[in-house]
Amino acid sequence: MTGVTNGGDGSEPVRVLVVDDQELFRRGLTMLLASEDGIDVVGEAGDGIEGTTLAESVAPDVVLLDVRMPRRSGIEACLAIKESVPSAKIIMLTVSDEEADLYEAVKSGASGYLLKDSSIEEVAQAVRVVSEGQSLISPSMAVKLIDEFKQISRPEKGAVGGGLRLTDRELEVLRLVATGMNNREIAKQLVISENTVKNHVRNILEKLQLHSRMEAVMYAVKEKLLDLP
């Protein structure tokens, strides 16, 4: 476990819990993450029940959860952890990009997903991004989820946001969110403050009756706000 104090906000390390039933993978991931600057691995667990109990005990900032585990699946553990430790951000670990698993991950409150063949740099960056309140999802994956995703409150056809129309600037921010940019990158792109971007994102979610940036991405794809292949 690392003692470096340089987390996602530049001061505190991001406290991470790793939950996976494959011991070699779990130990390897834990060891590699512990060597990363700004990340403090505060525990590891081998199944969903143990992971939920440990999360309640150590209150991590980010939990890396395997989707498929004995006793309690990652999806079930995600729901339980979000209920007992609402501040924890969840990243699901998957061996494939199966639409059904990813859809359930979004519904259960996950902030993102990673394939298990991701590099340690990608995992570490995902932990940092998610800890800052961002969501880890790409437009291409959003397209895969569209047919499965049924929970978005979709506005009337032709009326963005129902009776509450998004401003041109909000639409611009939404498009950039949907390309995977974080608040800092959007602020730089639009030459505005990061705090202004946060306000725009909050207004977008309120107007569209959405609950997360992941849902906003799916909304943007459904409303054809993105030029996707």
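A salt bridge here is a side-chain nitrogen of Lys or Arg within 4 Å of a carboxyl oxygen of Asp or Glu. By that rule, the structure holds 11 salt bridges. Bear in mind that this is a predicted model, where local features need pLDDT of at least 70 and side-chain atom pairs count only at pLDDT 80 or more, while totals for chains, interfaces and linings use all residues. Residues are numbered from 1 along each chain as its sequence is written, and side-chain values use heavy atoms, with hydrogens and water left out.

| Pair | Closest N and O atoms |
|---|---|
| Glu36 and Arg128 | 3.3 Å |
| Glu194 and Arg184 | 3.9 Å |

Let's take Glu36 and Arg128, which form a salt bridge. Glu36 sits in the loop between α1 (23-34) and β2 (39-45), and Arg128 in helix α5 (residues 120-131), so this pair ties together parts that are 92 residues apart in sequence. (Helices, H or I, of at least four residues and strands, E, of at least two are DSSP runs, numbered from the N terminus.) Both Glu36 and Arg128 are buried; buried means under 20% relative accessible area, exposed over 50%, and partly exposed in between, using a 1.4 Å probe and protein chains only.

Glu172 and Arg169 both belong to helix α7 (residues 168-178), three residues apart, about one turn of the helix. Glu172 is partly exposed at 33% relative accessible area, and Arg169 is partly exposed at 31%.

Then there's the salt bridge between Glu194 and Arg184. Glu194 is in helix α9 (residues 194-208) and Arg184 in helix α8 (residues 183-190), so the pair links parts 10 residues apart in sequence.
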